[in-house]
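This report walks through selected local features of one protein model. Keep the sequence and the 3D view open while reading.

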Amino acid sequence: MAEYELYTLPNGIRIAHKQITHTKVVHCGFVLDIGSRDEKPDQHGIAHFWEHMAFKGTKKRKAFHILNRLDSVGGELNAYTTKEKICFYASVLDRHFDSAFELLADITFDSVFPEKQIERERNVILEEMSMYYDSPEDAIQDDFDEVVFGKHPLGMNILGTSDSIRRFHREDFKTFVQENLDTEKLVFSCAGNLPMKKVIKLAEKYLKDIPKQHAIRSRKPFEKYQPKHLTVERALTQAQCAIGRDAYPVQHENSLAFFMLTNLLGGPSMNTRLNLALREKHGLVYAVDAEYQSYTDTGMFSIYFGTEPRQLEKAKNYIMKELHKLRETPLGSMQLHRAKEQLMGQLAMSSENNQNLMLAMARSILDEYEMETLETLYEKIRATDTRKLQAVAQEMFQEKDLSTLSFVPKAF
């Protein structure tokens, strides 16, 4: 988490770079402000499908040549799709940065979506969907999106449906790209031991001929959250449960305080309140996690756990007790100090992951928020007092406002 250099090409594409002198590896990628929430009803799943198809052929490369280009020099090529972003990225030794940049530009802007490859990849995605369905701890997270966001695009599964995946053909991909690709809403980001001058030189070499393009689209804002409680019978032995609600957007003034609360409640550490209550004290779960995902106009708070079916209600009650404590009992001075120190330590360790840094730089530019240095973040964390945390807890952790989704065995 540090300052980076920024350069804008005449076509609107922005280049973000952070020079890191102590590494021989460069992490780089294109992050596009396009995600599954930008799909029309008849395009459900096509953003993620595009991510797959980018590796299946361009105007000058077949799939084998794309996959072999960086693997043969020990590099890595990958991609992901979220509700609001598509990313194509690579990690290579710095001497292969030129090759990585050229390849990423090729698959991002010159994919040809061969029909034969679409047919093959259609089956791959259907298998991916089956894999997630057969993993209830993953499936409940996807299904809980719909519980919270309903029929809004944020509630739709990123993978799409088996019916929608079977419908897509080459023209559908070309239409989706044409409707959504905006050269002013994509960023090439990189982090490594390279001077900005070299990055700009390659950017002008590989990106200058890409025509300026403006997407004619508007994202539907999410407005009407309504708590829901659903129980679904499935063929499993362990009950799975999700509890949560809508939350603050990325630039909201309460987002940092809420992130602190979520981390205290069920972050990655073993001493979180939920882990101590449900696992260490009562032995009800193997793992319990709390997450806060922010989007440009809303967010999502969620708690996930699995337990014996007969212990499901007991586990939910203990979670509600922990939320009640955060609402009604201010943190003591030592509790607050520990929560701050823990979060600052986690952020410091996360900042040493240069791939995460590269991706975060691009997201901050696209979502129009300032990417702060560690010291600036530390100052804001230190300035957060117990009254602020309790006020946020009282707003966000009211039991009447929470939704639940439970997967239970069919015989239960």
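## Basis

Helices (H or I, at least four residues) and strands (E, at least two) are DSSP runs, numbered from the N terminus. The model is predicted: local features need pLDDT of at least 70, side-chain atom pairs count only at pLDDT 80 or more, and totals for chains, interfaces and linings use all residues. Residue numbers run from 1 along each chain as its sequence is written, and side-chain values use heavy atoms, with hydrogens and water left out.

## The loop between β3 and α1

S36 sits in the loop between β3 (25–32) and α1 (46–53). Buried means under 20% relative accessible area, exposed over 50%, and partly exposed in between (1.4 Å probe, protein chains only). S36 has 3% relative accessibility, so it counts as buried. Contact means heavy atoms within 4.5 Å. Leaving aside residues up to four places away in sequence, S36 touches A47, T82, K83 and I158.

D33 lies in the loop between β3 and α1. D33 is buried, at 8% relative accessibility. A polar contact is a pair of N or O atoms within 3.5 Å; within protein, one must be able to donate a hydrogen and the other to accept it, and residues adjacent in sequence count only if both atoms are side-chain atoms. The side chains of D33 and K85 make such a contact, at 3.0 Å. Residues up to four places away in sequence aside, D33 touches D38, E84, K85, K185, R217, R219, L366 and D367.

## Helix α3 against helix α8

How do α3 and α8 pack, in angle and axis distance? Helix α3 (residues 97–109) and helix α8 (residues 196–207) meet at an angle of about 35 degrees, and their axes are 10 Å apart. Axes are lines fitted to C-alpha atoms, for helices over the stretch in contact; angles run from 0 to 180 degrees between N-to-C directions.

From α3, the contact uses F97, D98, F101, E102, A105 and F109. From α8, it uses V199, L202, A203, K205, Y206 and L207. These residues divide into nine nonpolar, no polar and three charged. Here Ala, Val, Leu, Ile, Met, Phe, Trp, Tyr, Cys and Pro count as nonpolar, Asp, Glu, Lys and Arg as charged, and the others, Gly among them, as polar.

## Helix α15

Helix α15 spans residues 386–396, and its buried residues are L389, Q390, V392, A393 and M396. They lie on the same side of α15, because they cover an arc of only 160 degrees around the axis. That arc is taken from the directions from the helix axis to the C-beta atoms. The buried residues of α15 pack against β8 (239–247), α9 (255–266), α11 (312–328) and α12 (333–351).

At the start of α15, a side-chain oxygen of D385 comes to within 3.3 Å of the backbone nitrogen of R387.

## A residue of α11

E328 is in helix α11. It is partly exposed, at 45% relative accessibility. E328 and Y304 are 24 residues apart in sequence and 23 Å apart in space, C-alpha to C-alpha.

## Positive phi values

Most residues other than glycine have a negative phi. F113, not a glycine, has a positive phi of about 50 degrees. F113 is in the loop between α3 and α4 (115–133). At 5% relative accessibility, F113 is buried.

E368 is another residue other than glycine with a positive phi, near 60 degrees. E368 is in the loop between α13 (354–366) and α14 (374–383). E368 is exposed, at 65% relative accessibility.
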